[in-house]
Amino acid sequence: MIFEYFAQFFEMLMEIFSQGGIITYVILFIGIYGIIIAARKIHYLKKISKVDATEIFGVVTASMERGGAVEALKQLNTYKNPISRIISETLKIGYKNKIEVEESIEQIFIVEVSKMTKNINTLKTIIELAPFLGLIGTVIGIWMTFKTLGVGADATAMAQGIYVALITTIMGLTVAIILLPIFTYIQGLIDNEMDKIELATKMTNWGYGIAKVRVDANVECALEALQRAEGVVNTRAISDPYANIKVSFKPSMLDKSISNVILEKCNVNSEIIESKLKQ
């Protein structure tokens with residue numbers, strides 16, 4: 001019974017394609033192409049949304065307590081999604097200035113949004129185009145039917161011709177009806193990811209940072225230069241096997257990276273050994 005049903009269904013499909021003409025095949029082709037685009041897009045969006053923003057930020061907070069920004073960056077490398085890349089850039093405050101970090105975040109945002117929305121307009125065009133192609137096929141079919149029948153029209157032949165012509169409209173509407181809810185679902189997934197990115201940006205609005213710096217020479221000059229730098233709250237010399245200056249700063253006000261401040265004012269090289277950021 002089931003086999004007979006599928007056999008009849010397959011026979012009906014073959015009849016539709018054999019009688020519908022070339023436009024039917026065109027609609028079928030763009031419909032399959034649209035399904036391929038949708039499947040690939042859903043797979044990509046599901047892959048990058050497996051880990052929630054709050055979970056990633058929990059890892060960042062725990063890593064920051066253990067080993068600072070460097071440890072957090074190492075942990076974030078295991079995640080491959082837009083949120084982890086944006087948070088990674090915000091952790092580089094101190095190594096970079098505020099403007100450089102914001103520019104990097106903007107570039108990442110543009111790239112990630114481009115990936116998420118790639119081929120979305122193509123899918124939307126297919127949904128809008130398919131019914132029109134079906135309508136064109138119907139109009140052409142009816143026109144050819146009247147042309148063939150002429151003045152002395154046979155009602156049976158005319159009905160058969162109109163039936164064949166309507167096949168293309170059925171095909172076009174079918175493609176649009178199948179792809180439209182899928183498109184809406186994809187758009188919802190994209191909106192969810194955009195909300196996560198916005199949340200991640202707000203969550204990484206660091207209130208203050210602390211960095212340990214190793215200066216090769218002229219520590220007094222480096223201390224004075226950092227104390228005068230925009231965004232630096234406090235500096236002091238420390239006795240540490242790997243660092244000799246400790247810096248407290250406000251990330252949102254840091255106009256130059258810590259290393260650049262020292263290099264410009266004192267002409268000596270320096271390196272941030274440890275950096276911790278707090279909200």
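What share of the contacts in the protein chain with a separation of 6 or more comes from residues 24 or more positions apart? The share is 74%, where a contact means heavy atoms within 4.5 Å.

This is a predicted model, in which local features need pLDDT of at least 70 and side-chain atom pairs count only at pLDDT 80 or more, while totals for chains, interfaces and linings use all residues. Residues are numbered from 1 along each chain as its sequence is written, and side-chain values use heavy atoms, with hydrogens and water left out.

**View 1. Overview of the protein chain with its nine helices and four strands.** Helices (H or I, at least four residues) and strands (E, at least two) are DSSP runs, numbered from the N terminus. Along the sequence their order is α-α-α-α-α-α-α-β-α-β-β-α-β. Of the 279 residues, 39% are buried, a term for under 20% relative accessible area, with exposed meaning over 50% and partly exposed in between (1.4 Å probe, protein chains only). The accessible surface of the chain is about 16,100 Å², and 62% of this belongs to carbon and sulfur atoms. Areas come from the Shrake-Rupley method with a 1.4 Å probe; for residues, only the protein chains shown count as cover.

**View 2. Strand S3 and its pairing with S1 and S2.** Two strands pair if DSSP finds at least two bridges between them. S1 (residues 208-215) runs antiparallel to S3 and is joined to S3 by five bridges. Lys212 has Lys246 of S3 as its bridge partner. S2 (residues 232-237) is also antiparallel to S3, again over five bridges. Here Ala237 stands opposite Ile245 of S3.

**View 3. The two faces of strand S3 (residues 245-249).** In a regular strand, side chains alternate between the two faces of the sheet. The covered face of S3 holds Ile245, Val247 and Phe249. Lys246 and Ser248 lie on the uncovered face; Lys246 is also the bridge partner of Lys212.

**View 4. The disulfide between Cys221 and Cys266.** A disulfide is a pair of cysteine sulfur atoms within 2.5 Å, and by this rule the count is one. The sulfur atoms of Cys221 and Cys266 are 2.1 Å apart. The pair links distant parts of the chain, 45 residues apart: Cys221 belongs to helix H8 (residues 219-228) and Cys266 to helix H9 (residues 258-266). The disulfide is left-handed because the torsion about the S-S bond is about -95 degrees. Cys221 is partly exposed, at a relative accessible area of 21%, whereas Cys266 is buried, at 11%.
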